[in-house]
Amino acid sequence: MKFDFLFQSSPWFIPLCLLAGGLYAFALYQKNTNWSKTQNYLMSAFRFVSVSLLCLLLLNFLIRQITQTVQKKTVVIALDNSQSMLVSGQKNLTDLVANLNKLKEDLKSEEYNIAFASLDDETNQSLENLKFNKKTTDLSGLLSGVKNAFEGENLTDVLLISDGIANQGVSPASNSFNFAVHTVGLGDTIPKKDIAVKSVYANKVAYLGNKFPVQADVSAFGFSGKSTNVYLKQGGKVLDKQTLVFKQNDDLKTVTFNTTANQIGVQHLVVETDVLGGEFSSRNNRQDLYVEVIDGKEKILLLALAPHPDIKALKSIIEKNENYELDIKVLTENPNPDVASKPYDLLILHQLPDYFNSYSNIFKPIIDKGTPTMFVLGNQSGTSYLNQLNQVMQISSQAGQSDKVTGAYNQAFKSLNFETEKMQLINKLPQISVPFGEFKLLPNSEVILYQKVGSVQTQKPLFVVNTGAKKSAIFTGEGLWAWRLEEYQLTDKQEVVDDVVLKVLQFISAKDDKRKLRVYPINTEFLLGEKVVFETEIYNAIYEKLYNLPIKLEIKDEKGVARNFSYSTSPDNTKFEISSLPAGVYRYRASTTVLGKAELSAGEFVIKDVQLENLNLTADFDGLRQLSTKTGGKFFKNNQFEEIKKTILNHKVPEKIDATEDLKEMINLRWIFFVILALLTAEWVMRKYLGGY
């Protein structure tokens, strides 16, 4: 700890302060016969010091106090507590915990700070209470979590105990760490005799009545010349079966099943193989698969005045969503298209209505039915007729007059979730053509993109959506195709522009939910062991939220077994949690009575049992060695804890010193007040005693 002074005024005032104290003492203590020369000098000194200090306080000095402390070295013991570690055997794990606790005590006696970390995203937990039950292994995430948790501390070494099997995240050796990572390999590096369903593939969505493929990769080690049956099952019933013959000792086969989607909702399929004699584990002989079966696609009609590259762009965007079925009609090529044979869910008008309001007899009846509509303008759009059709905005412009603008994202737009950082790409896209004139938003209209002229963002809208009862949208620009090409040129992807258009189409075509009771899980998919959390909303006739009503919740699994729950909500808690549900597809039904009327809400969710830890049971020590070599650490085997301790103790790193600086005004220091008070009191007492008063 050290002190120094900082001056807020010229240091030349200090001699003046001392001079003032000296003059005061000299004038007050001339030679006096009432006391001795020594006593006179002493009282003069008291007065000199006290007056000088008072004058110095007026200069308002700052006293800087610097405190330095040497940080203890920190060692973190990071333990892979995934299920694959159980292959090592319970005895090895028990011995491991004992050895780690001894290492902890030995290092503590050498003035080290010791902390524990695991895949549970917690630090400093007890090793004795650690369970090897994690269903995935992300060693890179584990070490990155340690790096973030101990940032700013003197973290010198991390001891990672693992079998090296990582099935999530990137390889830890690809990251950079500012500490040495010593690794301890646990497990068996000799491949096990085993058959495993490595992976299964299928479309997430299938349509009722259609056939869809299910593909599975099956690996085998140690079964050369042997065969096994592979089954596709649903609800315990075998839908299909194929036989595989393994010709090599280490073999991988792919099998494809074709099945029919014959029931609406999430379907639980299982790909499973026979268990052959001598297999190390049978837990990896099956994998679950979930496919959502829906009853047809949402139908979109795109009516265009004439051929245009924006039509191709819109087609490419819409076809990204498997739930959409798109029909395109170009009216100059086919003036009398059949649009009455299908009940369309969404209408897109490109350059319609035009200057002459041509073909209004085709699209106006569809709009009059209340079909959600998105207008895409162009150089032939007739804004006067458009104003009569839409509830989004009014445009005052002259035919043939246009402006060249770019887009700027409106960060105040909250009806849809867009990532602000990604939306900054819009600023880099080329100019597009918009009508030149005045734009006036109608009630319930919100701007997604503004027009930007040069570097100036205007308040004129480029892309607007109306969130009222009759949802609709207007894109005022002509040149979507150029935007998509430029985005691909900049990023090698076509995501941002497509995402904006698709989300707007989904938003305006979504059916309004008028239910008084809405109960839904916060996710449609949960992992086994996670809590299933339901959100609950209850409304009265004018859609004000209600609380404290009793709700009955029934959940049925795939076998029809029901679980019943009762709960109520409050303004502070609208959630209901359920734990310990097995894997599978669940359908739920919630009910309550709102203002004397029964209200229902139903849906489904999936609980997945991820079996990643069972797919690969062969320890990977090479990856651990590579990680240690890159970070300046060493690789050890499970019985080398004395060598581990010596390595950590011999790891010489510069000491890390923390320095804190504290600035205080001299006038705020209490001890100076008491010094001055003591000096003046001592002087007064001496004068009183010697008869000076």
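Helices here are DSSP runs of H or I with at least four residues, strands are runs of E with at least two, and both are numbered from the N terminus. This is a predicted model, so local features need pLDDT of at least 70 and side-chain atom pairs 80 or more, while totals for chains, interfaces and linings use all residues. Residue numbers start from 1 along each chain as its sequence is written, and side-chain values use heavy atoms, with hydrogens and water left out.

**View A. Helix α2 and what covers it.** Just past the helix, N60 has a positive phi of about 55°.

**View B. The five-stranded open sheet.** The order is β4-β3-β5-β6-β32, with parallel pairing; two strands pair if DSSP finds at least two bridges between them. β4 (112-118) and β32 (635-637) are the edges, each pairing on one side only. From one strand to the next, the twist averages 20°. Zoom in on β6 (residues 180-185) and you'll find three bridges to β32, with G185 partnered by K637.

**View C. Helix α3 across the sheet.** α3 (residues 90-109) lies across β3 (73-79), β4 and β5 (155-162), at about 150° to β4. Contact means heavy atoms within 4.5 Å. Axes are lines fitted to C-alpha atoms, for helices over the stretch in contact, and angles run from 0 to 180 degrees between N-to-C directions.

**View D. Ring pairs.** Phe, Tyr and Trp rings (the six-membered one for Trp) pair if their centres lie within 6.5 Å; planes under 30 degrees apart are stacked, over 60 edge-to-face, and the rest tilted. That rule gives 15 aromatic pairs. Y355 and F356 have ring centres 6.4 Å apart and planes at 90°, so they count as edge-to-face. Y355 is partly exposed at 32%, and F356 is exposed at 68%. Elsewhere, F526, F534, Y586, Y588 and F605 make up one aromatic cluster.

**View E. Charges over rings.** The cut-offs are NZ of Lys or CZ of Arg within 6 Å of the ring centre and within 35 degrees of the ring normal. K193 has its charged end over the ring of F223, 5.0 Å from the centre. For R625 over F635, the distance is 4.4 Å.

Terms used
Buried means under 20% relative accessible area, exposed over 50%, partly exposed in between (1.4 Å probe, protein chains only).
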